[in-house]
Amino acid sequence: MSETKAKAGLQDIVAGESSICLVDGKQGRLVYHGYDINDLVGKASFEEVIYLLWHGKLPNQSELNELDAELKKNREIPADVMALIQGLVNNPANPSGMEVLRTVASYAGAVDADKSMNRDTHLKQSAKLVSLMASATAAYGRLKAGKDYVAPRTDLGHAANFLYMLNGQEADELAVEAFDVALILHADHEFNASTFTARCTVATLSDVYSGVTSAIGALKGPLHGGANEDVLRMLMKIDSVEGAEAGIKDLLANGVKVPGFGHRVYRSYDPRGLVLKRYAKDLTAKKGNTKWYEMTEIAERVVLEYFAAKGKDLKYNVDLYSGSLYNAMDIPVELFTPLFVMSRVSGWTAHILEQYANNRIIRPVADYVGPVDLKFVPISERA
Ligand SMILES: CC(=O)SCCNC(=O)CCNC(=O)[C@H](O)C(C)(C)COP(=O)(O)OP(=O)(O)OC[C@H]1O[C@@H](n2cnc3c(N)ncnc32)[C@H](O)[C@@H]1OP(=O)(O)O
Ligand SMILES: O=C([O-])CC(=O)C(=O)O
């Protein structure tokens with residue numbers, strides 16, 4: 001039996017070392033391998049950040065070119081994966097985008113003949129998954145909307161190519177910049193639930209695909225990545241700027257945990273949310289549709305007033321403003337959490353590589369609270 005007491009949700013428990021990402025909850029600061037995210041957004045591309053997360057340094061031009069070529073090589077969806085996505089879209093169970101991505105990641109692992117366990121293979125598989133998650137998200141979005149699949153282009157960056165594959169036309173410069181920034185901001189976040197899940201999976205010396213598949217399952221939940229869809233769905237139910245204040249107050253009065261608010265680590269503010277809010281404001285104004293942005297601002301004010309009145313040092317999180325931003329890029333709500341996968345797959349794989357590099361199986365203990373010494377009763381004598 002354990003000598004120490006369990007802590008609900010493992011709050012504040014240090015579960016390992018990592019040099020990939022620092023989340024400073026008190027200062028509201030997020031650092032990728034030494035670089036503050038505010039120094040990366042608008043300066044580095046998502047591809048440069050992927051390299052940083054995987055290799056621990058920003059790439060020079062030839063290193064970036066090599067990664068870029070590897071990502072582009074993997075953009076096209078193989079015919080069998082396409083058939084799998086189409087089959088899921090047609091299925092009467094109506095699987096969600098996250099269920100589709102989870103299945104695609106798992107399938108990609110099953111049909112990858114290279115089962116070798118070394119860093120080169122793991123890097124190749126990581127690049128394959130980054131491209132596949134983007135292309136599969138776009139394909140799912142198109143097929144789900146009853147439209148034809150749009151093949152990828154190799155003359156566009158990762159963000160621009162995704163928006164092109166999804167909407168069938170090139171997005172404008174601000175939308176591409178905002179999407180690239182969103183990908184950077186969602187890329188990694190230390191030992192969040194899905195990343196920790198990925199690390200647990202591969203710490204048994206299971207493969208990269210299994211790590212990513214289990215991470216997608218963890219990200220899907222409404223307390224984690226699923227919250228970004230829930231924010232816009234909540235606003236869509238209220239459906240008017242005038243009704244937003246009363247609608248949000250009503251949810252709080254009914255004890256609902258309002259999606260887009262609260263965080264296990266951040267106490268001052270979530271630095272990603274501040275950046276996304278800025279881009280959401282600019283892009284929705286540019287598109288001339290500010291309704292969801294305005295409603296989100298009202299939700300922010302009402303919930304933060306509620307937290308303050310209760311003495312809770314909680315703020316809004318990364319999921320609050322991404323909804324109005326993605327909506328302004330013509331991205332449907334059911335793709336919001338898959339977009340999170342598209343980005344976070346870079347962080348998951350960085351953690352998987354780090355775990356393999358210094359591995360020990362992850363196996364904590366439980367504080368057993370059940371009975372002991374019960375007397376066995378044969379089934380024929382049980383009541
Ligand atoms: C990418 C990400 O994963 S970011 C998080 C995305 N998730 C969401 O936005 C869903 C809404 N938020 C939540 O459910 C939580 O805040 C979590 C899951 C993010 C964090 O959970 P925990 O660290 O366990 O916080 P916990 O649930 O203990 O909250 C502390 C207190 O604040 C309250 N609280 C926390 N979040 C919210 C919220 N969104 N709305 C209303 N009250 C809240 C809790 O009810 C609790 O109150 P109590 O002490 O009176 O019981
Ligand atoms: O860190 C967390 O617990 C959740 C989060 O914000 C993320 O994964 O981006």
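Helices (H or I, at least four residues) and strands (E, at least two) are DSSP runs, numbered from the N terminus. This is a predicted model, in which local features need pLDDT of at least 70 and side-chain atom pairs count only at pLDDT 80 or more, while totals for chains, interfaces and linings use all residues. Residues are numbered from 1 along each chain as its sequence is written, and chains are lettered from A and ligands numbered from 1 in the order in which they are written.

Histidine 263 sits in the loop between helix 12 (244-253) and helix 13. An unreviewed UniProt entry lists His263 and Asp319 under "active site"; such positions are given in the numbering used here, feature names are shortened, and annotations may be inferred rather than shown by experiment. The two are spread over 57 residues of sequence but cluster in space, with a largest C-alpha distance of 10.6 Å.

A residue is buried if 20 or more other C-beta atoms, placed from the backbone, lie within 10 Å of its own, exposed if 12 or fewer do, and partly exposed in between. Histidine 263 has 19 C-beta neighbours inside 10 Å and therefore counts as partly exposed. Aspartate 319, in contrast, is buried, because it has 28 such neighbours inside 10 Å. Two residues are in contact if their C-beta atoms, placed from the backbone, lie within 7 Å. Neighbours within four places in sequence aside, histidine 263 is in contact with Asp270, Leu314 and Asn317. With residues up to four places away likewise left out, aspartate 319 touches Ala227, Asn228, Val231, Pro259 and Gly260.

Aspartate 319 belongs to helix 15. Nine of the nine residues of this helix (residues 319-327) are buried, so helix 15 is largely enclosed by the rest of the structure. Its buried residues pack against helix 8 (173-185), helix 11 (227-238), helix 13 (271-287), helix 14 (291-309) and helix 16 (336-357). Helix 9 (residues 193-202) is also largely enclosed, because eight of its ten residues are buried. Among them are Arg199 and Cys200. The packing partners of the buried residues in helix 9 are helix 10 (208-219) and helix 16.

Which residues surround ligand 2? They are His189, Asn192, His263, Arg264, Val265, Asn317 and Val318, where a residue is near a molecule if its C-beta atom, placed from the backbone, lies within 6 Å of it. Ligand 1 has 18 residues around it, of which His224, Ala227, Phe261, Gly262 and Arg264 come nearest. Domain 1 (21-225 + 338-357) and domain 2 (227-327) both give residues to that shell, so ligand 1 lies between them; the domain bounds come from an automatic or database domain assignment.

Finally, three strands form an open antiparallel sheet in the order 1-2-3. Strand 1 (21-24) and strand 3 (35-36) are the edges, each pairing on one side only. Strands pair if DSSP finds at least two bridges between them. Four bridges join strand 1 to strand 2, with aspartate 24 opposite arginine 29. The hairpin of these two strands has four residues between them, and glycine 28 takes a positive phi near 65° there. Strand 2 (residues 29-32) and strand 3 are joined by two bridges, and valine 31 has aspartate 36 as its bridge partner. Strand 1 has Cys21 and Val23 on its covered face and Leu22 and Asp24 on the uncovered one.
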